[in-house]
Amino acid sequence: MVSSALANFGVNGFQYAIQLHLMRTGVNATLIGFVNTGVFLAMLAGAFIAGRISDTAPVGPVTCCGFVFICIASLPMLLTDNYWVLLIANAVMCLPFPIINALQLGFIFGKTPDTMQGRITVTLTVPAQALSAFCSATAGSLLPAFGFSGTMLVFWAVMLVSMLLIVSSRSLRTIPRADQWDRTPLE
């Protein structure tokens with residue numbers, strides 16, 4: 001839950017920082033809109049992949065790889081503010097989100113009794129959404145103080161902490177594929 005909230009905060013912070021920076025530098029509004037289009041296309045591709053692998057992929061290792069992938073794919077955005085690099089790296093960074101969500105939420109809701117589904121949904125979504133509510137204000141405050149690269153570094157550090165929490169969690173790393181969930185406890 002903490003790791004997901006941090007990841008949401010970091011990624012949403014990236015989105016706001018990119019948009020605010022591009023607006024500040026006078027990039028055409030249509031080109032700024034294409035940044036979200038890139039995210040949409042990457043997430044659509046990720047959803048297609050998730051549908052193909054959700055029954056056979058081991059949840060833990062794929063989730064860990066997804067979080068590592070997000071941190072690596074976002075690195076170019078720390079080094080440049082070139083529009084095309086931002087467009088492509090930002091989109092690629094978002095590719096694993098549907099895969100992670102499908103696998104993680106499939107496991108969680110597959111293991112949760114029907115009477116607890118609503119409570120689990122609130123427990124998972126409220127912290128992530130509450131923290132993400134501060135992304136735009138944070139990005140808007142950091143950009144004048146630290147510049148684009150410094151702002152991206154702050155949000156990247158948050159995503160790195162999220163990734164480290166995920167990778168260091170043995171109980172998460174060892175979640176198997178769907179056909180083995182009946183023998184796996186929900187911790």
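Predicted model: local features only at pLDDT ≥ 70, side-chain atom pairs only at ≥ 80, totals over all residues.
User: Is Met-1 buried, partly exposed or exposed?
Analyst: Buried means under 20% relative accessible area, exposed over 50%, and partly exposed in between (1.4 Å probe, protein chains only). The relative accessible area of Met-1 is 48%, so Met-1 is partly exposed.

User: Which residues does Met-1 touch, not counting residues up to four places away in sequence?
Analyst: Contact means heavy atoms within 4.5 Å. Leu-95, 94 residues from Met-1 in sequence, is 20 Å away from Met-1, C-alpha to C-alpha. With residues up to four places away in sequence not counted, Met-1 touches Thr-123 and Pro-127.

User: How much space lies in the largest pocket?
Analyst: A pocket is found on a 1 Å grid over the protein atoms alone, as an open set of points where a 1.4 Å probe fits, with protein on both sides within 12 Å along at least five of seven lines; lining residues have an atom within 4 Å of a point. Grid points are joined across faces, edges and corners, and the volume is the space filled by probe spheres set on the points. For the largest pocket this comes to about 1,200 Å³.

User: Which residues lie nearest the centre of the largest pocket?
Analyst: The lining holds 43 residues. Elements that give two or more residues to it include helix 1 (2-24), helix 6 (97-111) and helix 7 (117-132). Nearest the centre are Met-1, Ser-4, Gln-104, Ile-108 and Leu-124.

User: How many charged residues are in the lining of the largest pocket?
Analyst: Ala, Val, Leu, Ile, Met, Phe, Trp, Tyr, Cys and Pro count as nonpolar, Asp, Glu, Lys and Arg as charged, and the others, Gly among them, as polar. The lining has 22 nonpolar and 19 polar residues, and its charged residues number two.

User: Which residues is Thr-63 in contact with, leaving aside its neighbours within four places in sequence?
Analyst: Thr-63 lies in helix 3 and counts as buried because its relative accessibility is 1%. Its C-alpha is 8.0 Å from that of Ile-166, 103 residues apart along the chain. Beyond the neighbours within four places in sequence, the contacts of Thr-63 are Ile-100, Gln-104, Ile-166 and Leu-172.

User: Which helices do the buried residues of helix 2 pack against?
Analyst: Helix 2 has 25 residues and spans 37 Å from first C-alpha to last, close to the 36 Å expected at 1.5 Å a residue, where the expected span is 1.5 Å times one less than the number of residues. Its buried residues include Ile-32, Val-35 and Gly-38. They pack against helix 1, helix 5 (83-94) and helix 6.

User: Which side chains meet in a salt bridge?
Analyst: A salt bridge is a side-chain nitrogen of Lys or Arg within 4 Å of a carboxyl oxygen of Asp or Glu. The count by this rule is one salt bridge. Its N to O distance is 2.9 Å, and the side chains are those of Arg-177 and Asp-179.

Definitions and conventions: Residues numbered from 1 in each chain as written. Heavy atoms only, no water. Helix = DSSP H or I, 4+ residues; strand = E, 2+ residues; numbered from the N terminus.
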